[in-house]
Amino acid sequence: MKRFSLSILCLCIFMVAARAQDSEYKSAIGGRLSTGYYELLSASYKTFITEKGAIELDLGFRPRTYNYPGDKINWVTLAFSAAYQHHFPIQPVPGLQWYIGGGLTAYNSFSDDDHYTGFGLGIFPTGGIDYKFGNIPLNLSADFRPTFSLVDPYDSDDPYHYNGYNSFNGGNVGVSVRYTFR
């Protein structure tokens, strides 16, 4: 039974790969791993709305723990971001593109400590590189999203608690892997 199931799975993968011989795609769904302040791991969906313009939507989370003398603080941030990306081909490699754009992120932190609970909102420019394999339905991308916070989610008045909040996060780099379809 295991061999039969494995054979069916291999056949399905082969059939999908055979249909995806070109280096263009309409939409893609997968995951994004990020160094962002508000998200670490996200579900990612990208769809082209014009020949060169795409919308990327990410829903993710980031758990955190801080240890202080006699105090351990755990919290998690749930984030949603939306970005517009305008693509430019990189010749002579089919399927390779670079893009620029911008977006908005909204996030909420949850914790037992009120200093680490709250809603945040930010905007970001974005730039990156996108590659669609020609022989399999797979898309890889890497991007840079320096984020400017518009709304502070954490209590910065308490000197005891380090909240890690900064109105600018310049270290937001991400990598996405997505399954493509037309």
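Predicted model: local features only at pLDDT ≥ 70, side-chain atom pairs only at ≥ 80, totals over all residues.
Residues are numbered from 1 along each chain as its sequence is written, and side-chain values use heavy atoms, with hydrogens and water left out.

Start with the overall layout. The protein has 1 helix and 10 strands, taken as DSSP runs numbered from the N terminus (helices: H or I, at least four residues; strands: E, at least two). Along the sequence the order is α-β-β-β-β-β-β-β-β-β-β. Of the 182 residues, 40% count as buried; here buried means under 20% relative accessible area, exposed means over 50%, and partly exposed is in between (1.4 Å probe, protein chains only).

The backbone has a cis peptide bond between Gln 91 and Pro 92, with omega at about 5°. Most peptide bonds are trans. Pro 92 itself is found in the loop between strand 4 (71-89) and strand 5 (96-111).

On to the rings. Rings of Phe, Tyr and Trp (its six-membered ring) pair if their centres lie within 6.5 Å; planes under 30 degrees apart are stacked, over 60 edge-to-face, and the rest tilted. That rule gives 7 aromatic pairs. One of them is Tyr 38 with Tyr 107, a stacked pair at 5.3 Å centre to centre and 15° between the planes. This pair ties together distant parts of the chain, 69 residues apart: Tyr 38 is in the loop between strand 1 (27-34) and strand 2 (41-48), and Tyr 107 is in strand 5. Tyr 38 is buried at 1% relative accessibility, and Tyr 107 is buried at 2%. Tyr 131 and Phe 133 make an edge-to-face pair, 4.9 Å centre to centre with 80° between the planes. Tyr 131 is partly exposed at 25% relative accessible area, and Phe 133 is partly exposed at 23%.

A ring also meets a charge: the charged end of Lys 46 sits over the ring of Tyr 99, 4.8 Å from its centre. The rule for this asks for NZ of Lys or CZ of Arg within 6 Å of the ring centre and within 35 degrees of the ring normal.

Thr 147, in strand 8 (residues 147-151), is buried with a relative accessible area of 3%. Beyond its neighbours within four places in sequence, Thr 147 is in contact with residues including Tyr 38, Thr 105, Phe 124 and Asn 172. The side chain of Thr 147 reaches the backbone oxygen of Arg 145 at 3.1 Å. Ser 109 lies in strand 5 and is buried at 0% relative accessible area. The Ser 109 side chain makes a polar contact with the side chain of Thr 77 at 2.9 Å. A polar contact is a pair of N or O atoms within 3.5 Å; within protein, one must be able to donate a hydrogen and the other to accept it, and residues adjacent in sequence count only if both atoms are side-chain atoms.

Technical notes: Contact = heavy atoms within 4.5 Å.
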